[in-house]
Amino acid sequence: MNRRATLSRDEARRVLAAHARDLSMGIGVADPVREAELRQIIDGPAAGDIGPQQVAVRGARAPEVRVQADREPGADIEEVADTRRRVPLWREGEGGELVPLDPHAARAAIAGAILAARGADGAPILYAVSRGIGMVVTRTGRQPSIHVVSDATDLRIAIDEHLSIGVLKATKHGPEEVWNHDHDTVRARLTELARVSAWSAVRVSLPELRTVRNYPYFNPRGKLINAAGYDPLSRCYLTTSTHIQRPEPGETPLTVLGEWLIDFIRRSFGSPHDMTYAMAALLTVLCRDMINGPTPLFAVTAAEHGTGKGKLVDALGLAVTGVTPTTITCSIESDRFAAEIAAALSKGRPMINMDNIRPDRIFGGDAIESITTRTELDTRVFGTNDEMVELLNYAVWFVTANNLQTTADIARRKVDIRLRSKEDGAAKRGGWLREDIDARDGWTVRNRHRILGALVAIIERHLAAKVDGWVPGVSVWKPGSYESWASVVGEAVIHAGFPGWGEGIADAAAASDPETAAYRQAAEGIAALHFGRYGNADTERFEVRGAQLAPIVATVEHWADKVERISDRDGPAMFRLSWRLMRIAVGRTWKFDAVEGRMAGTLTFTETRAVGGTVGIFRWRVDE
C-alpha cells in the first residue's frame with residue numbers, strides 16, 4: 001500500500017528523469033499525478049525551508065500523535081505530568097528515518113490531537129458552534145460566554161495551553177526538530193482547520209456546543225446536571241458546580257421562595273398569579289433543555305416608576321445563574337436592535353432582558369416575533385460583514401417597561417408579571433425587608449443555595465410524581481406554540497401548589513394591545529365622564545365608582561358574553577364584574593383628542609380602591 005513520504009530535490013529529479021526515459025522507450029504508462037508531485041518537489045523551497053513535499057512511496061507508516069508526559073520548565077511543582085500533547089508533522093519511514101507528513105496527513109494529525117485534548121475538568125477545548133468553531137471563556141463574576149475562533153491566530157491561542165506542534169526542518173546538518181506554533185507550516189495547517197469544512201475533510205467532528213452555563217440545569221431526559229464539564233445530550237458546557245440545599249424537614253419550596261420574595265408578595269405583586277409567573281420564568285431557565293420549542297416572553301410591567309421591575313429581574317437572574325441577566329436596549333433602529341439580539345445569542349446568554357421601552361412606543365416587530373416563536377434564527381452579527389449565520393435561541397427573554405404597549409402578535413406571546421405599588425409614591429417607598437435582594441453580594445446571593453434547592457426540588461418532585469402517574473387536578477393552560485413549555489413548566493408549578501396558572505393571560509393580552517376595541521371603548525366612556533366634573537385640578541386625578549363604570553362595561557362588545565348573563569337587577573354583581581375586568585388594565589394609558597367639550601390629553605388607569613364600594617383612580621394629563 002502506497003503512503004505519502006518525502007524525497008529530496010535531487011532524488012525527485014532522478015526519479016522524474018528515469019520515468020521520462022522509460023516512457024520514451026515504451027515502458028510503463030504516463031502518471032500525471034505522480035509527475036506533478038515530483039515537479040512540486042523540484043520547484044519547492046530550498047534546503048533549510050519547510051514545505052512538506054508529496055510523493056508516493058511504499059511502506060511508510062501512518063502518522064502518530066505523540067504524548068509528552070515530561071514536566072515542562074516552569075511548570076507548577078505539584079503538577080505530576082504535563083497535559084500538553086506533542087503533535088509532530090513528521091513520522092518514521094521504512095528505514096527508521098524521520099520524514100515530513102504531507103499536508104492532508106499533517107492536518108489530520110493536528111485535528112485528531114485537538115479533538116483528544118481536554119481541559120482541567122475533562123471537557124474538550126474546542127467545539128462546533130453556530131458561527132463556526134468556538135471555545136468557552138470564563139471570567140470571575142461574569143456570565144461565561146462562547147468565543148468564536150475566527151482565524152489561525154485565534155486557533156493557535158486556543159490550543160496553545162494544550163498542544164505543542166512540531167515541524168521537521170531540513171538543514172545542512174540534517175533534520176532539525178522545531179516546536180513552534182508560529183512556524184509557517186503550522187500556521188498554514190491551523191488556517192485550514194479554522195474552517196469547519198476542513199474538519200469534515202479529515203473525517204473528524206468537533207462536539208457540538210449549543211450553550212454554556214454556570215448554574216445547574218436539567219438535561220432533556222430530566223437529569224440534574226451539576227458537575228463541571230460537557231454534557232453531549234444537552235450539548236451544554238457547565239463551567240462550575242453549585243452548592244444546592246433542598247428544603248429541610250418542615251420546609252416546603254413555597255415557604256423558601258416566599259421568604260425570598262416577601263417584599264414583592266406584600267407590596268408589589270398585583271395578583272397571586274404574578275408570583276406564579278415569576279417562578280415559572282425561573283423554572284423555564286432550569287428546564288430549558290426539556291422544552292421542545294420556543295418559550296414565551298416574560299413582561300415585567302407596572303404603571304409607574306419605582307415599583308421594582310429591574311430589582312425583580314436582577315434578583316431572578318442572581319438566584320439561578322449567579323449573575324444579573326444580560327441587558328440590551330431597544331433601539332429605534334430595528335437593524336441595530338436585531339444585531340444586539342444576535343450578539344447576545346451568539347455568546348450563549350441564558351437570560352436576556354430588553355429594557356428602556358418607552359411608553360409611547362408600540363413594542364413589537366420582526367425581531368421580537370422571531371425570538372418568541374423560533375429556536376433558530378438566521379441573522380448577521382452587528383459590526384461584521386459576515387454572511388448570514390444561524391444562531392440557536394434557547395435564552396429566556398424578559399422585557400421591563402411602564403405602561404407597555406405591544407402589537408397584537410406580541411400580546412398573545414407574552415406572560416405578564418404585573419407590579420402594582422400598594423402605597424403612594426412607589427419610588428419613595430422604604431422599609432424593604434430585602435433591601436439588597438438585587439445586589440451582587442446581597443440576600444439573594446447569600447441564600448442562593450436554598451433558593452436553587454427549592455426550585456430543583458419542585459422539578460424533581462414533579463418528575464417523580466409523573467413517573468407514578470400524577471395527573472393535574474385542573475386544566476393546564478397551554479397557549480399556542482408553547483404547548484411543550486406549558487406541559488413542563490405549567491404542570492410543575494401546579495403540582496407545587498402555586499395559584500392562578502393561566503389566569504389573567506387573555507385579558508392582559510387584550511389590555512396591552514392599544515388597538516383592542518373593548519378597552520378603547522371603555523376608556524372613551526370613562527373619559528366622557530369629564531375631568532371638570534369629577535377631577536381634582538391639583539392632583540390631575542378623578543375617581544370613578546362602580547355604578548358609573550358598569551353601564552360602560554356592559555356595552556362593550558368584547559365583554560358582552562360575560563355580562564349578558566347578569567341581570568340588570570344584579571347591580572352589585574355587575575359592579576364587581578366591571579372592576580374585575582378593568583383591574584387588568586391598570587397601568588394602561590389612552591390618548592384622546594378634544595372632542596365634544598372633552599379636553600385633549602391622556603388618561604391612565606392607576607389603581608383601584610375599596611372606599612364605600614369599588615373606586616377607580618384615574619390620572620388625566622391635559623395637553624397644553
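Modeller: Helices are DSSP runs of H or I with at least four residues, strands are runs of E with at least two, and both are numbered from the N terminus. Lys311 has its place in helix H10, which covers residues 309-321. Before going further, please keep in mind that this is a predicted model, in which local features need pLDDT of at least 70 and side-chain atom pairs count only at pLDDT 80 or more, while totals for chains, interfaces and linings use all residues. Residues are numbered from 1 along each chain as its sequence is written, and side-chain values use heavy atoms, with hydrogens and water left out.

Lys311 counts as buried, at 18% relative accessibility, where buried means under 20% relative accessible area, exposed over 50% and partly exposed in between, with a 1.4 Å probe and protein chains only. When its neighbours within four places in sequence are left aside, Lys311 is in contact with Phe264, Glu435, Ile437 and Asp438, contact meaning heavy atoms within 4.5 Å. Two of these partners also make polar contacts, that is, pairs of N or O atoms within 3.5 Å in which, within protein, one must be able to donate a hydrogen and the other to accept it, residues adjacent in sequence counting only if both atoms are side-chain atoms. The side chains of Lys311 and Asp438 are joined by such a contact of 3.3 Å, and a polar atom of the Lys311 side chain lies 3.4 Å from the backbone oxygen of Glu435.

Phe264 leads on to a group of rings. Phe264 is buried, with a relative accessible area of 1%, and the ring of Phe264 and that of Trp432 have their centres 6.0 Å apart and their planes at 55°, so the pair is tilted. Rings of Phe, Tyr and Trp (its six-membered ring) pair if their centres lie within 6.5 Å, with planes under 30 degrees apart counted as stacked, over 60 as edge-to-face and the rest as tilted. This pair links distant parts of the chain, with Phe264 in helix H8 (residues 262-267) and Trp432 in the loop between strand S25 (414-419) and helix H14 (443-446), 168 residues apart. Trp432 is buried as well. Phe264 also forms a tilted pair with Phe269, at 5.9 Å centre to centre and 40° between the planes, and Phe269 counts as buried at 4% relative accessibility.
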